[in-house]
Amino acid sequence: TVNTVVDTLDANPGDGVCSDATGACSLRAAIGEANALAGADIISLSPGIYTQTLIAPNDDANAGGDWDITSVVTIYGTGQASCSLQASVSPAVANERVLDVRSGGALTLFRCTVRNGNFSGTVTGATRGAGIQNLGVLTLDNVAVRDNQITSNGGDPFGAGIYNAGSA
């Protein structure tokens, strides 16, 4: 169960305990713990706005930027109006997408809003899907994906909200 909206890393991924350096369980720490363990995991969110603050450009290991899913994860929010996952306070200042379901990963997401992801510049295969990029398996239930943007000066600007190259 996530108990903070602060964006922090798990102190010891794979130990079976979601805990950052202060003992809190953040969304990034919970995802990091789930990615490090075999089998399916469930993450429960409290009401709140979960905003990415750790920066790690082009990282696919959940160290910063977008939340990277590499295992089988189910995330339960509390409702579209009460639970938001966002790359930044507005899409114009975001550096990344919101969620990245990597090849081999599977995400089932319930009852939340995914917003404010952004890419600007030359769009490539690695920079598609400002809200969600799915290269694995994605299931959304009662999820709003909004206010994500791609500003392209070249390339193929696909999927400002969702780019699906996996299974949905």
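User: Which strand does β5 join through three bridges, and what is its residue range?

Analyst: This is a predicted model, in which local features need pLDDT of at least 70 and side-chain atom pairs count only at pLDDT 80 or more, while totals for chains, interfaces and linings use all residues. Residues are numbered from 1 along each chain as its sequence is written, and side-chain values use heavy atoms, with hydrogens and water left out. Strands (E, at least two residues) and helices (H or I, at least four) are DSSP runs numbered from the N terminus, and two strands pair if DSSP finds at least two bridges between them. The partner, which runs parallel to β5, is strand β7, residues 106-115.

User: Which residue of β7 is the bridge partner of Leu-85, and does Leu-85 count as buried or exposed?

Analyst: In β5 (residues 83-86), Cys-83 and Leu-85 point one way, whereas Ser-84 and Gln-86 point the other way. Buried means under 20% relative accessible area, exposed over 50%, and partly exposed in between, with a 1.4 Å probe and protein chains only. Leu-85 is buried, and its bridge partner in β7 is Val-114.

User: What is the relative accessible area of Asp-60, which meets Arg-102 in a salt bridge?

Analyst: The side chains of Arg-102 and Asp-60 meet at 3.4 Å, N to O. This pair links distant parts of the chain, with Arg-102 in the loop between β6 (99-101) and β7 and Asp-60 in the loop between β2 and β3 (67-69), 42 residues apart. Asp-60 counts as partly exposed because its relative accessible area is 37%.

User: Which residues do salt bridges that share partners join into one network?

Analyst: Arg-97 forms a salt bridge with Asp-100, their closest N and O atoms being 3.4 Å apart. Arg-97 counts as buried because its relative accessibility is 2%, and Asp-100 counts as buried because its value is 0%. The network consists of Asp-60, Asp-66, Arg-97, Asp-100 and Arg-102.

Conventions
A salt bridge is a side-chain nitrogen of Lys or Arg within 4 Å of a carboxyl oxygen of Asp or Glu.
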